[in-house]
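Hi,

Here is the structure I promised to pass on. Have a look at it first, and then read my notes below.

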Amino acid sequence: MARPATENLKNVRNIGIMAHIDAGKTTTTERILYYTGRVHRMGEVHEGAATMDWMEQEQERGITITSAATTVFWKGSKINIIDTPGHVDFTIEVERSLRVLDGSVAVFCSVSGVEPQSETVWRQADKYGVPRICFVNKMDRTGADFFDAIKTMREKLHANAIPVHCPIGAESDFKGMVDLVTMRALYFHDETLGADWEETEIPANLLEQCKKMRSELLEELATIDETNEQFLTKVLEDPDSLTAEEIHAVIRKGVCGNKFNPVLCGSAFKNKGVQQLLDAVVNWMPSPIDRGAVKAHDLKTGEEITVPPDDNAPFAALAFKIMTDPYVGRLTFIRIYSGTLLKGMNLINSTKDSKERISRLLEMHANKREERDEFHAGDIAACIGLKKASTGDTLCSADYPLLLEKMEFPEPVISMAIEPKSKADREKLSMALSALSEEDPTFRVSTNEETGQTIIAGMGELHLEILHDRMKREFSVEANVGKPQVSYKETITTPGSSQTKYVKQTGGRGQYAHVELEIMPNEKGKGNEINNKIVGGVIPREFINPTIKGVEEGLATGVLAGYSLVDVIVNIVFGSYHDVDSSEMAFKICGSMSIKEAARKAKPILLEPIMKVDVTTPEAAMGDVIGDLNRRRGQIIGQESHKGVIIVHAEVPLSEMFGYSTQLRSLSSGRATYVMEPSHFERVPTKIQEEIIKK
């Protein structure tokens with residue numbers, strides 16, 4: 001079945017809305033839903049009624065936690081929008097959304113400009129090469145400064161940020177903007193909630209400034225598209241003869257090629273500038289065709305291939321989000337890169353080498369849904385019936401097995417023990433933990449072998465607090481949680497080796513395995529490598545995999561304090577077996593014992609998570625703030641002044657940051673704020689290491 005004209009691939013836009021917490025992403029998305037006719041009343045974040053923040057926890061806290069998906073239509077184009085969180089604890093939601101999007105709208109607050117989390121999401125977009133347009137929001141706020149916000153984008157993000165709007169007024173006098181492409185002033189009617197606006201001549205006091213800004217915009221565009229001689233000639237000789245279509249075409253080329261970040265302005269809360277933002281998405285953002293073919297690995301030939309955005313090509317899609325829906329059960333969100341997906345279709349999950357069947361297809365509008373019979377290349381779909389798919393898995397047709405590029409997830413840095421309050425809660429807790437860890441790849445569940453406790457781990461205190469809250473509300477689980485603990489890691493500093501025999505003789509058949517290992521440090525951040533160096537069959541092939549599994553289990557529990565061993569190379573070099581008594585289980589146990597013996601000889605050390613901390617403080621409290629960070633073993637990386645406040649950049653061990661928000665409030669009389677995100681792991685000082693091991 002052919003796709004509708006509005007869904008023609010060149011008219012599809014897959015975009016995300018990303019920003020620092022409180023820059024106005026969700027309010028902007030709410031206005032987009034309203035003006036495109038998706039909702040008939042605007043929801044407000046501060047009233048707890050935003051459509052995209054549909055979880056109770058989001059409505060209570062006024063923050064976005066999960067990346068909600070919706071589809072709208074604007075001027076003949078279909079726009080799939082993902083509203084992503086700004087809080088650093090949910091940074092994985094941004095990461096996995098950017099992996100599957102074709103473009104992004106970066107929202108900035110006109111007062112604060114680029115904030116620490118804006119830098120994080122911008123770096124994530126750089127990593128995936130996602131084109132961006134910028135929207136300077138909150139132009140009605142006291143202290144709004146459009147040009148200062150652009151300056152911070154250039155300085156902190158190294159963005160090629162060029163204004164395409166000039167604001168008319170600011171703060172309470174913000175009336176609208178001048179479109180520098182058409183050189184017309186746009187004034188919004190408050191009585192129609194911004195749905196109507198009028199185009200007029202540019203106010204006399206802004207005319208010269210707008211001419212200068214337009215000239216700078218055109219000069220920049222001329223450098224972006226050097227092959228377009230006709231455009232270059234017009235810019236140099238007769239810029240007034242350029243049509244809006246000619247300018248839009250070059251802006252689009254610059255945005256799609258990631259050479260240019262046009263900056264628009266507005267106030268989403270006051271309903272000004274949102275339709276112009278939608279126009280910019282349709283005019284300048286890339287379609288799946290513009291983004292081109294994606295790389296994949298052909299599992300039949302082992303070669304690297306490209307997957308074209310074509311309805312008639314073999315099916316290939318990436319699962320980027322799992323969600324438990326109270327009405328329809330397990331939902332898998334996928335981005336289709338090629339082919340057509342039909343209801344009832346059989347697929348293979350090439351990441352897990354398993355078969356899957358699509359029972360139903362849904363188009364999502366936040367947490368509301370519409371049934372669909374098919375989706376095409378470039379679409380974002382919600383599927384029911386996928387049992388084994390998890391975030392980052394490739395789904396494809398059985399005839400053309402391929403593997404798309406995987407997604408990488410950061411390691412959790414904080415953990416806590418959790419236990420059910422009653423026997424009745426025990427089974428519900430295990431179901432809830434299983435469902436939540438499927439949804440969120442940065443949420444890990446494990447069991448402490450010594451104490452038998454269930455340990456949950458995540459990206460921060462808020463992350464675990466929200467997950468605990470969700471267990472109570474969504475899964476009706478009553479559970480007690482312990483104090484948050486730091487997730488340390490272990491590694492080694494010198495090479496080591498071991499020769500381990502596992503021999504057990506009971507009444508009947510015995511157990512025999514013999515494994516010799518070498519262990520050595522790997523490069524920092526490279527992870528673990530386990531290599532089979534057995535020659536001559538001294539350990540038969542069928543016992544190699546169980547040995548590797550045993551080594552992996554040994555690495556997972558470490559040797560100093562039960563934390564996982566990281567950044568090591570393990571070589572299985574020698575061993576022996578018994579014709580009767582050797583078994584897979586014996587070699588698995590022997591592998592685990594052997595790696596621990598080798599690691600103990602290799603001078604193991606503890607590593608602790610170091611956090612990147614950005615504190616925004618009044619100048620008067622700066623000395624106290626820096627002194628306190630130093631007491632917490634913090635290292636001051638730098639500081640900058642912005643609009644009367646000081647921003648201190650530091651790296652501090654996570655173990656020293658518990659209770660920091662209360663302390664910071666008291667040091668600054670409640671005026672300082674901070675954001676914190678995981679940076680890297682570093683060696684724990686010897687004295688502190690001894691204390692941790694004693695515990």
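Lys-272 sits in the loop that runs between β11 (261-265) and α9 (274-284); helices (H or I, at least four residues) and strands (E, at least two) are DSSP runs, numbered from the N terminus. With a relative accessibility of 5%, Lys-272 counts as buried, where buried means under 20% relative accessible area, exposed over 50% and partly exposed in between (1.4 Å probe, protein chains only). Leaving out residues up to four places away in sequence, Lys-272 touches Phe-135, Phe-174, Lys-175, Phe-188, Asp-190, Gly-266 and Ser-267; contact means heavy atoms within 4.5 Å.

Before you go further, please note that this is a predicted model, in which local features need pLDDT of at least 70 and side-chain atom pairs count only at pLDDT 80 or more, while totals for chains, interfaces and linings use all residues. Residues are numbered from 1 along each chain as its sequence is written, and side-chain values use heavy atoms, with hydrogens and water left out.

Now for the overall picture. The protein has 17 helices and 38 strands. Along the principal axes, the C-alpha atoms fill a box of roughly 100 × 65 × 55 Å. Buried residues make up 55% of the 695. Among contacts with a separation of 6 or more, 72% join residues 24 or more positions apart.

Another residue to look at is Leu-667, in helix α16 (residues 660-667). Beyond its neighbours within four places in sequence, Leu-667 is in contact with Ala-621, Asp-624, Val-625 and Asp-628. Leu-667 and Val-551 are 116 residues apart in sequence, and their C-alpha atoms are 49 Å apart in space.

How many disulfides are there? The count comes to zero, taking a disulfide as a pair of cysteine sulfur atoms within 2.5 Å. For Cys-210, the nearest cysteine sulfur belongs to Cys-166 and is 3.9 Å away. For Cys-383, the nearest is that of Cys-396, 14 Å away. Cys-210 is buried, with a relative accessible area of 0%, and Cys-383 is buried with a value of 0% too.

Best wishes
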